[in-house]
Amino acid sequence: MTDKLHSAHEYENNKGKEVPLTQKPLFHLIPKIGWMNDPNGFSYYNGKYHMFYQYHPYSTNWGPMHWGHAISSDMIKWEHVEAAMAPDSSFDEEGCFSGTALETADGKHLIIYTGVTKTQSENGEWYNLQNQCVAIGNGTEYEKYSNNPVITGDTLPDNFSKRDFRDPKIWAENGVLNCLVGCKTLEGDGQLAKYTSKDGLSWTFEKIFFKNNFRYGKMWECPDYFELNGKKIIVASPQEIEACELFNAGYGTVCVVGHLDENGNYIEESFNNLDYGLDFYAPETVKTPDGRTVMIGWLQNWDSLVIKREDFKWFGQTSLPREIQLINDKIIINPIKEIENYYAEKVEVIDKKICGATKIDNVKGRTVDLKIELSEDSTNDYEEFELKFACDEKHYSRIVYDRKKSTITLDRMHSGNRRSIIHERTCKVENYNGKLKLRLILDRYSSELFINDGEQVMSMGIFTDIDADGIVFNCNGTVKMNLIMHNLKM
Ligand code: FRU
């Protein structure tokens, strides 16, 4: 083991103990200590789920990227194990950037990731170069391939940047390994390059598999590729999106539904936004043994890093594992069913009339799974329904349903943060004969809202003190509400 990896282990083993339990989410993965960004290498290996992550143990800021590592039997309860990789080799000394993993036919855990190095141009300017590297492991220890990198930017057509060439997604199909890598033309168009290999070590450039054509952002980071219901799905996280009907400005997560033509060319059919909230980026998926596709993202946005608890020794958390489905040509996203194994006390209220600010007995908490259904009849008349959570006398976060506009707004303006950045997101929702279904999952420092059985999702981090656990319903007319809430315990 290299000194760098050994030091990281010593540091995380010692300092990791210093994170108080009350400062940790219950079931969202955070770094053992320090900083986390993208989930990496999300895979099912040797009977367990493995999650690696972009990791800088030594501070709560982004720094030279390591790969942190955690293991789980159900994707809800995670156990940290020692970091898998440090930026300790000539081919990744500036960082081990994002990548993916799979179990090989001969039982090895194969990781492919981006190795970053520094290089100097002819005019003396130093810049980062990004290449794809391989590491092979047994679920605990990982050895980097000595002939790394296995895919360099030189394999790309001439008009591509070698500085933006990262986040390889690997998958096996008919005995062949395939890889999609995010890349960018010199004009700034995000594209995905496809490579194939027999052994994971020697790779051949096949083609540019997907072109954004300047529609959604520039560089497409962290591609994923999988099948749902016979369709081929591409997921990626574009940087620098210009606001449009589907996306807000900035970083977003796009899901393309499409198919392959007879020549294996990707034919796009529709574009979808995987999360309309404030914080969701760079998701990866895994196929579970029972055939579900489960996605976990970074519950954070690069543009809101300034919202931070300075008193915490960690920064960055993953999202809830979400099952992603294609039903009647719609992308549907819901929390995985395993969350129900952590249900504790239940509160159920039927046909409750909400008219003005209303609290309900025992409906409070910061680790809850709250399902509500609003319905209206001819006597109902209201314009706005509001659900406030993480409330104390001064603070709250909220969801507002505007019935006329048929929109939902997620708002953390009053959650206690002091930065003048965007605190609100709004999305259009369906109104099914006056019925609206909301499922809100709170886990101490996050809220994830699933609308109408997963037609839309809105996520955000909330850093309000943990004793702010009030939940208040409000309506400026009258609405009928059914509610089922479960406290979540581990
Ligand atoms: C996305 C990203 C990736 C990169 C990693 C670096 O959030 O920028 O493209 O590999 O983070 O930490």
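Predicted model: local features only at pLDDT ≥ 70, side-chain atom pairs only at ≥ 80, totals over all residues.
Four strands make it up, in the order β9-β10-β11-β12. The sheet is open, and its pairing is antiparallel. Strands β9 (160-173) and β12 (203-211) form the edges, and each of them pairs on one side only. On average, neighbouring strands here are turned by 25 degrees against each other, direction ignored.

Now look inside the sheet. Strand β10 covers residues 176-185, and strand β11 covers residues 190-197. The two run antiparallel and are joined by eight bridges. Across from V181 stands A193 in β11.

Next come the rings. The structure holds 25 aromatic pairs. One of them is formed by Y53 and Y55. Their ring centres are 5.0 Å apart. Their planes meet at 65 degrees, and planes over 60 degrees apart count as edge-to-face, so this pair is edge-to-face. Are these two residues buried or exposed? Y53 has 1% relative accessibility, and Y55 has a relative accessible area of 0%. Buried means under 20%, so Y53 counts as buried, and Y55 is buried too.

A further aromatic pair brings us back to the sheet. F165 and Y195 pair at 6.3 Å centre to centre, with 50 degrees between the planes. This pair is tilted. F165 sits in strand β9 and Y195 in strand β11. They are 30 residues apart, and the pair links distant parts of the chain. Both F165 and Y195 are buried.

W171, F209, F210, W220, Y225 and Y266 are linked by ring pairs into a cluster.

How many cavities of 30 Å³ or more does a search of the whole structure find? The search finds three. The largest cavity holds about 130 Å³ of space. Its lining has 16 residues, and those closest to its centre are N248, Y251, G252, D275 and G277. By class, this lining has seven nonpolar, six polar and three charged residues.

The second largest cavity holds about 60 Å³. Its lining includes the aromatic residues F312, W314, F315 and F463. L299, Q300, K308, R309, G316 and Q317 also line this cavity. By class, the lining of the second largest cavity has five nonpolar, three polar and two charged residues.

How values were computed: Residues numbered from 1 in each chain as written. Heavy atoms only, no water. Pairing = 2+ DSSP bridges. Axes fitted to C-alpha atoms, helices over the stretch in contact; angles between N-to-C directions. 1 Å grid on protein atoms, 1.4 Å probe; cavity = no way out; pocket = protein on both sides within 12 Å on 5 of 7 lines; lining within 4 Å. Points joined across faces, edges and corners; volume = space filled by probe spheres on them. Nonpolar A, V, L, I, M, F, W, Y, C, P; charged D, E, K, R; others polar. Phe/Tyr/Trp six-rings, centres within 6.5 Å; stacked < 30°, edge-to-face > 60°. Buried < 20%, exposed > 50% of the residue type's maximum accessible area, 1.4 Å probe, protein only.
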